[in-house]
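Colleague: I would like to go through this structure with you, and for each label I will ask what stands behind it.

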Amino acid sequence: MGGWFQDNGPLLGLALLDGIASAALIFMVAVGLNLVFGVLRVLNVAHGSLFAIGAYAAASVGVFAASAGLPAWASLPALLLAAILVGLVLGPLVERLLLRRIYDEEPVLQLLVTFALFMILEDAQKLIWGVQPVSFSTPVSLLGTVDVPFGADVIPYNTYQVILLPLVAVATLAGLALFLRRTLTGRVIVAVTTDREAATAMGIDARRVFLLTFTFGAMLAALGGALSAPTTSLVPGIGASTIVLSFAVVATAGLGQIEGAALTALMIGIGRSVAVTFAPELEVVVPYMIMVLVLLVRPQGLFGVVETRRI
Amino acid sequence: MTHALSPSRRQMLAAGFGSVVLPGTLSAQAPAQRPTELRIGVTTFLSGPASVFGVPGRQAAEMLAEEINREGGIGGVPIRLFFVDEAPGIDHLVGEFRRLVQNERVDVMFASISSGSCLACTPLAEELRKVTLLWDCGTQRIFEERRYQYAFRTQANATPEILAPLLYLMKTRPDFRTIAVLNQDYAWGRDSWEIWKTAMDVLKPGTRVVAELFPRFGATDFSAEVTRLLALRPDVILSTSWGGELDTFIRQANERRLFERSTFVLPLAESSLERVGRTLPAGHIVGSRGDHWHQHPRPANPQALQRFVEGFRRRTNAYPIYPAYHMAQAFSALRAAYARALQGGAAWPSDAQLAAAFNGLEFDSPTARMRIREDGQGLEPQLIGTTAHTDRFPFPVLDNMVIFPPELVTTPVGQNSVAWLRTLTPEILARVPDAIRAG
């Protein structure tokens with residue numbers, strides 16, 4: 001075993017770097033889904049569409065900023081601006097017009113409604129941005145690469161992916177934890193998450209909390225998309241692949257668990273990159289193997305709590 | 001009213017009953033009347049990741065149909081297109097194929113982009129006795145595993161599309177010793193690697209495969225794969241990926257200087273050149289699933305190629321990519337087949353007569369003269385080149401182009417591709433034509 005580590009330690013180190021970068025993006029998307037489910041108790045399939053629209057919007061805003069002659073560094077705040085715009089426009093619209101009508105319906109119906117919304121938003125993306133791949137890599141080019149030693153060699157990494165994305169993810173995690181535990185609004189959200197009926201009986205306007213939480217969740221999904229836009233080519237269907245992985249994270253983490261989402265994203269990100277390095281044929285199944293293993297041991301998820309069923 | 005022109009009630013009932021009950025064989029052979037419109041069903045990807053090919057295919061089809069109708073149609077009959085989206089899956093596609101043939105009464109089907117779609121549609125075409133042109137799918141299995149009377153492919157298949165870049169690599173960079181592959185994890189990615197590896201093992205034995213990476217279909221990030229390839233430093237990196245995934249791989253490889261360490265072979269990258277722009281550096285090998293290239297050095301008909309390219313650009317604001325050319329080939333073959341069937345003032349052909357016209361049919365593509373073999377497989381040249389940057393275009397162009405004659409790289413009639421590839425010898429390299437410099 002020691003010999004294996006001696007031989008493969010440097011490779012493992014590279015895989016860890018890739019895993020952390022990948023986990024940062026996975027976390028950004030999954031945490032919004034987890035938050036929305038924790039509070040609204042609606043598994044929002046359209047979360048993937050919000051991710052995709054955030055990504056496309058970021059590319060559009062970034063390209064517009066470049067064509068307007070703004071300096072390259074403006075592409076970074078452009079990502080944030082696009083995410084906020086998408087969240088503020090689509091979040092309240094979807095919550096008020098659609099979700100509000102199905103809070104008391106069966107989970108199957110909720111799934112079908114959000115799935116229908118997902119399909120509608122997918123078509124809307126095609127109408128607006130077409131089907132040809134869209135890319136916007138200015139932020140990645142702007143930050144350049146950082147060389148990581150690898151024996152006598154060096155491996156170049158994108159600064160954007162290995163430094164900026166993990167920093168944003170950590171800031172989001174810390175900010176969310178502080179917001180939920182140290183602010184009045186955050187505590188109200190936690191109260192509704194823990195016991196909606198009791199919170200409502202105490203005078204909390206649950207509808208307002210739902211609207212706020214969903215808008216915030218939509219913003220996080222769009223931010224995940226906006227942050228991923230510079231690293232990839234945007235094509236029809238990116239929302240679908242994102243939502244599947246996010247579901248795996250939410251189920252593994254435990255519903256409504258922010259720190260759980262971070263730890264699970266890290267496990268899945270690192271698991272995948274280690275698989276690519278040492279057993280590429282396992283890469284596709286690793287996230288789901290982790291999910292199955294965790295749920296076998298803890299059916300409520302890593303950080304989930306067992307709830308008493310009320311009759 | 002004339003008795004001859006107006007069928008009696010009994011005849012009408014018999015015709016209706018016959019169309020439902022009679023076996024396809026009889027209705028396919030029944031003499032046909034000249035229709036008021038020629039209905040063509042087209043299956044293509046209109047949604048999902050493969051719509052990067054499907055939509056340009058549809059745009060080309062619409063452009064060509066308008067042109068044909070302006071010129072008076074095919075055999076004097078205007079054409080009308082019916083599109084079906086392949087994206088919802090095989091079951092949906094098969095149902096739609098049947099609906100188009102039986103309910104919409106299409107005269108011809110054009111199917112499909114996905115190999116899986118073609119594998120499902122071709123037996124159905126045979127069952128329904130409906131002429132079906134396989135206009136874009138790549139699987140070589142179709143005509144190697146079974147004979148069909150009603151299905152024809154108006155382009156090449158995966159074997160020549162993969163063998164040609166391998167021969168080009170061996171001709172231009174003969175000293176490579178190690179290779180890594182990064183393909184999408186689905187049928188095309190796996191099959192194309194099998195074709196490459198089978199041929200490479202006999203033509204250049206001893207080449208070491210240092211990594212076989214098959215990220216999931218639809219992957220949006222290849223950072224871990226790029227890291228692995230940077231660490232391994234293979235002489236050659238092969239990727240038959242396409243669409244957004246190929247674009248992302250090229251961008252990430254460029255950002256992390258992977259192109260400086262390895263020679264890339266990208267058999268489908270012609271379709272990405274305009275999008276990735278100068279992100280794809282000079283000196284890497286690119287193919288186009290045929291001899292499609294808007295700057296083709298020796299097109300059979302330069303005016304026809306220019307007309308097609310400019311028409312497509314006016315319509316879409318982009319250069320045509322290979323599915324657009326493949327669509328043009330399907331229309332050209334259809335026109336040639338009808339012209340052949342109607343030769344000498346013959347009556348409008350039945351399905352069986354139209355199908356018979358495709359055997360050995362010769363027709364023009366925008367770049368070459370093509371032929372359909374007796375097994376239904378089209379013979380299409382393969383153009384492979386090396387990327388170069390010029391001031392004329394904001395994206396890489398192809399230089400040192402080799403146009404492989406189809407007979408050199410296509411599996412002979414009646415043989416299995418993998419078995420045929422095993423019989424190849426290095427002498428085949430001597431028959432590879434000389435490279436042509438970009439003009």
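Colleague: How far apart do the C-alpha centres of domain 1 of chain A and domain 2 of chain A lie?

Modeller: In this predicted model, those C-alpha centres lie 19 Å apart, where domain 1 covers 46–234 and domain 2 covers 237–300 of chain A.

Colleague: Which residues make up the contact of these two domains, by number from each domain?

Modeller: Twelve residues come from domain 1 of chain A and nine residues from domain 2 of chain A; a pair counts as in contact if the C-beta atoms lie within 7 Å. On the side of domain 1 that touches domain 2, helix H2 (47–67) and helix H6 (159–182) of chain A each supply at least two residues, and H2(A) gives the most, with six residues.

Colleague: Why is B:Pro174 called exposed?

Modeller: B:Pro174 has 10 C-beta neighbours inside 10 Å, and a residue is exposed if that count is 12 or fewer, so B:Pro174 counts as exposed. B:Pro174 lies in the loop between helix H7 (158–172) and strand E6 (178–182) of chain B, and its C-alpha atom is separated by 9.1 Å from that of B:Lys204, 30 residues apart along the chain.

Colleague: What does each chain bring to the contact between chain A and chain B?

Modeller: Chain A brings 36 residues and chain B brings 31 residues. On the side of chain A that touches chain B, the largest share, six residues, comes from H1(A), and the residues of that side divide into 17 nonpolar, 15 polar and four charged.

How values were computed:
Residues are numbered from 1 along each chain as its sequence is written. Chains are lettered from A and ligands numbered from 1 in the order in which they are written. This is a predicted model: local features need pLDDT of at least 70, side-chain atom pairs count only at pLDDT 80 or more; totals for chains, interfaces and linings use all residues. Domain bounds come from an automatic or database domain assignment. Helices (H or I, at least four residues) and strands (E, at least two) are DSSP runs, numbered from the N terminus. A residue is buried if 20 or more other C-beta atoms lie within 10 Å of its own, exposed if 12 or fewer, and partly exposed in between; C-beta atoms are placed from the backbone. Ala, Val, Leu, Ile, Met, Phe, Trp, Tyr, Cys and Pro count as nonpolar, Asp, Glu, Lys and Arg as charged, and the others, Gly among them, as polar.
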